[in-house]
Amino acid sequence: MVDSLRIEATEDTPEIDFDTTTGVFKVTGRALPENAHEFFKPIEEWVQSYVESPLESTVVEMRIDYFNSAATRYIFNLLMCFEDIVDDGGDAKVIWYYKEDDDMIETKGEELASILEVPFEMKTL
Amino acid sequence: MSSGLSTKDARVQYAIYGALFGFAFPVIATLFDAFMRDMGFGLSSLIEVQRTQPLHWIIDTAPLFLGFFACLAGIKQQEVIEANDGLELKVQQRTEMLHEQNEELRTIQDELEDSLHRISQSINYAQRIQEAIISNTQELKAQFQESSVMFRPRDVVSGDFPWYVRKDNYHFIAAVDCTGHGVPGAFMSLIGYFLLNKIVKEQGMLDTNDILCELHKEVVNVLNQETESDVHDGMDLALCRIDVSNGEIMYSGAGNPVYHMRDEDLVEYKADFWSIGGTQYKKRKPYTAQKFKYKSGDMISMFSDGITDQFSADGSTKFGYRRVKDHLIANYNKPLSEVHESFEKEMNLWMGDHRQMDDMLLMNVRL
């Protein structure tokens, strides 16, 4: 089992709190890093090694209130990694939180839900 | 600091003054005694006085004792002096250090200013190149007098760009939003610009869905994304082909929609999910196209997410699709130059002092 992954939020990057004792993985805040690759790559690598031997259940809680087009791609890739768990018969789901009046985040969530093969829930904040 | 004794040393000075002061006691006492005994002040009488009165022997030790005690006081005084000297030296050293640090900071500041200046110059120059390319919207203006492009880069150069090409009866218009902004965005915009030109002008592809499929293939190829899985960059865009011969528009979108307005009715044509370029997904599907008829006086509108994602002044709310639609509907009957102006005003009011989050592009075309 890999250790939990924690990254503090900055003005341009979200807080990452992937807790391997509870199986609740939270992404919270804004994602508009100047260098999206530098920020997301280590996280993606961490998830890739996690999905090889995941916990019994994994819940990914996305509470993002802004991401730019580069970050969108990395977030999509990141969430796609969790498909491996489902493919192997494991239990994983994504909960996508959005503010009621934020049609941008809501639309993005709907789009992701239609593409990703991971159980995907939409919830208002 | 010298540790040897010198006449300037407070310990020596105090001891001397103490001893001198103490010396006054035996002198006065001896002279006084000689005077009292009426013996006169000759050397022999003074010796006689000393010899016969043992009390003088005690008094004679006064210079010794007073010198000793004064010396003790001198030691204290010397400590104070030395401590003071130490402080002064420290203050002097600190001052010198601060001065040096100041100098260093000034050098760093100069270097930073210099770097910033050179980077700005370089980016400003790059902007001229980007501007020259983007000025092809004048062609759009020549073909569609009632058209407007709001183009607002976040950092001088931009990842967004408007694109227009005419091929026979077809007018191709696209609002393109490349990943990133600033310099990396501008790199991507050049790739997008020239690939679109190549695909439409040289390869002669005419269907918007084919153009997007080809654009995706080419971006993947140019950025080696087939093998280099770490480069996710690409672009979102809305692409319209206006066929003036039969009043029909063909639209395909990668991420970004198009709005078609007739009077106060706004119809949104949604884009396909997949962005151009980036990771190779097995599930990826080819782009689709949608066709719709238009009448003279109708309007189409395309934009980048820099507009809809812009935060309000207090950072609490995003501009969103709703406000774009509302604005277009409310201003539908006005000339596009006015719509453009009032949209700029509304956006300025909306964002207030909040920083611009991303490049902004809004293209309106009256058909």
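Me: Quick one before I look at the helices: what are the axes, and what range do the angles cover?
Reply: Axes are lines fitted to C-alpha atoms, for helices over the stretch in contact, and angles between N-to-C directions run from 0 to 180 degrees. Bear in mind that this is a predicted model.

Me: OK. In chain B, at what angle do helix α1 and helix α2 pack?
Reply: About 100 degrees, with the axes 9 Å apart. Helix α1 of chain B covers residues 10–36 and helix α2 of chain B covers residues 43–52.

Me: What does that make α1(B) and α2(B), roughly parallel or roughly perpendicular?
Reply: Roughly perpendicular, because angles of 65 to 115 degrees count that way, and α1(B) and α2(B) fall in that class.

Me: Which residues make the contact?
Reply: On the α1(B) side they are T30(B), L31(B), D33(B) and A34(B), and α2(B) brings L46(B), V49(B) and Q50(B). Sorted by class, this contact has four nonpolar, two polar and one charged residues.

Me: And A15(B), where does that residue sit?
Reply: A15(B) is in helix α1 of chain B as well. Its relative accessibility is 21%, so A15(B) counts as partly exposed.

Me: Which residues does A15(B) touch, leaving aside neighbours within four places in sequence?
Reply: G67(B), A70(B) and C71(B).

Me: How far is A15(B) from S122(B) in space?
Reply: They are 76 Å apart, C-alpha to C-alpha, and 107 residues apart in sequence.

Me: What box do the C-alpha atoms of chain B fill?
Reply: Roughly 150 × 45 × 35 Å, taken along the principal axes. The radius of gyration of chain B is 47 Å, whereas a compact globule of 367 residues would have one near 21 Å.

Me: Give me the rest on chain B. How many helices and strands are there?
Reply: Chain B has 10 helices and 11 strands. Of its 367 residues, 45% count as buried. The accessible surface of chain B is about 19700 Å², and 58% of that belongs to carbon and sulfur atoms. Among contacts in chain B with a separation of 6 or more, 69% are between residues 24 or more positions apart.

Me: Switching to chain A. What's its radius of gyration, and what would a compact globule have?
Reply: Chain A has 14 Å, and a compact globule with 125 residues would have a value near 14 Å, so the two agree. The C-alpha atoms of chain A fill a box of roughly 35 × 30 × 20 Å along the principal axes.

Me: In what order do its elements run from the N terminus?
Reply: The order in chain A is β-β-β-α-β-α-α-β-α-β, which comes to four helices and six strands.

Me: How much of chain A is buried?
Reply: 55% of the 125 residues count as buried. Chain A exposes about 5600 Å², with carbon and sulfur atoms supplying 45% of it.

Me: How do α1 and α2 of chain A pack?
Reply: Helix α1 (residues 36–50) and helix α2 (residues 69–81) of chain A meet at an angle of about 5 degrees, with axes 10 Å apart. Angles under 35 degrees count as roughly parallel, and α1(A) and α2(A) are therefore roughly parallel to each other.

Me: Which residues meet there?
Reply: α1(A) brings residues including F40(A), I43(A) and V47(A), and those from α2(A) include Y74(A), I75(A) and L78(A). By class, the contact of α1(A) with α2(A) has 10 nonpolar, three polar and one charged residues.

Me: What about T58(A), buried or exposed?
Reply: T58(A) is buried, with a relative accessible area of 1%. T58(A) lies in strand β4 of chain A.

Me: Which strand holds F67(A)?
Reply: Strand β4 of chain A, residues 57–67. F67(A) counts as buried at 7% relative accessibility.

Me: Which residues does F67(A) touch, again leaving aside neighbours within four places in sequence?
Reply: A31(A), T72(A), I75(A), W96(A), I105(A), K108(A) and D309(B).

Note on methods:
Residues numbered from 1 in each chain as written. Chains lettered and ligands numbered in written order. Predicted model: local features only at pLDDT ≥ 70, side-chain atom pairs only at ≥ 80, totals over all residues. Heavy atoms only, no water. Helix = DSSP H or I, 4+ residues; strand = E, 2+ residues; numbered from the N terminus. Parallel < 35°, antiparallel > 145°, perpendicular 65-115°, else oblique. Contact = heavy atoms within 4.5 Å. Nonpolar A, V, L, I, M, F, W, Y, C, P; charged D, E, K, R; others polar. Buried < 20%, exposed > 50% of the residue type's maximum accessible area, 1.4 Å probe, protein only. Rg over C-alpha atoms; globule rule 2.2 N^0.38 Å. Areas by Shrake-Rupley, 256 points an atom, 1.4 Å probe, with all protein chains shown as cover.
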